[in-house]
Amino acid sequence: MLVLLLVCAALLYLVVIMGDGSGGGEGVPAATAAPLAAMPQPRLSLSVEALGQASYYFNAPLMTLEDGCGWRLEGVYISDFTPEGMDSTVREVRLRYTNEAGAAVDVSSLTPSRYLRALPERGFLTATDQSWELAGRRAVLMQSGGTLHLHIQNGETVYQIEGAVDVAALRSAAEAATVWE
């Protein structure tokens, strides 16, 4: 009788407390296997082939530039940082791309979206030209000195392209942007 009672208690624990795993998550992008706090160190540098590994450390799909678009992936970096003026940590997956002309842009996926509040602290001001799209969505263009910044927000995730490039190079990168799942 005691064994039966223990088995019932274990089943109750698994089904009720842990969840049965059949909850209505249809249509919602699955979270990654690792929670944001589980990164083994404050900054990781991965090989270019490890893009799937980078997505493991992020809780949403990553933005990338499409293959064959004239931009080549050079590096994958993951970091946690606290922007000036914020009291919370931001997780960033940064992909460094270069083109044949030598221009370089950083394509980043960041969370939480409160990160956007730190852009003015970094000197970014909204540009007057707001006819931009990024990954098929209307985007916000900002500028700080010679650095251009383009971003969109999707819930708690911010997708951005940033670099000291000309407008034509930024537009080329923006047109090649896609959200990778």
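Arg96 is partly exposed, at 33% relative accessibility; buried means under 20% relative accessible area, exposed over 50%, and partly exposed in between (1.4 Å probe, protein chains only). This is a predicted model: local features need pLDDT of at least 70, side-chain atom pairs count only at pLDDT 80 or more, and totals for chains, interfaces and linings use all residues. Residues are numbered from 1 along each chain as its sequence is written, and side-chain values use heavy atoms, with hydrogens and water left out.

Arg96 forms a salt bridge with Asp106, with the closest N and O atoms 2.5 Å apart. A salt bridge here is a side-chain nitrogen of Lys or Arg within 4 Å of a carboxyl oxygen of Asp or Glu. Arg96 lies in strand S4 and Asp106 in strand S5, so the pair ties together parts ten residues apart in sequence. Asp106 is buried, at 9% relative accessibility.

Helices (H or I, at least four residues) and strands (E, at least two) are DSSP runs, numbered from the N terminus. Strand S4 spans residues 90–99, and eight of its ten residues are buried. Two strands pair if DSSP finds at least two bridges between them.

S4 pairs with strand S3 (residues 71–81) in the antiparallel sense, over ten bridges. There, Val93 in S4 is the bridge partner of Ile78. S4 also pairs with S5 (residues 104–111), again antiparallel, over eight bridges. Arg96 has Asp106 as its bridge partner in S5. Four residues separate the strands in the S4 and S5 hairpin, where Gly102 takes a positive phi near 90°.

A network of them links Glu92, Arg94, Arg96 and Asp106.

Glu162 and Arg122 form another, with the closest N and O atoms 2.6 Å apart. The two are 40 residues apart: Glu162 is in strand S10 (residues 157–163), Arg122 in the loop between S5 and S6. Glu162 is buried, at 11% relative accessible area. Arg122 is partly exposed, at 39%.

## The nonpolar cores

A nonpolar core is a set of buried Ala, Val, Leu, Ile, Met, Phe, Trp, Tyr and Cys residues joined through side-chain atoms within 4.5 Å. The largest has 36 residues; Leu65, Val105, Leu134 and Ile161 touch the most other members. Helix H3 (residues 167–176) gives the most to this core, with five residues. A second, separate core of ten residues includes Met86, Val90, Leu119 and Val158.
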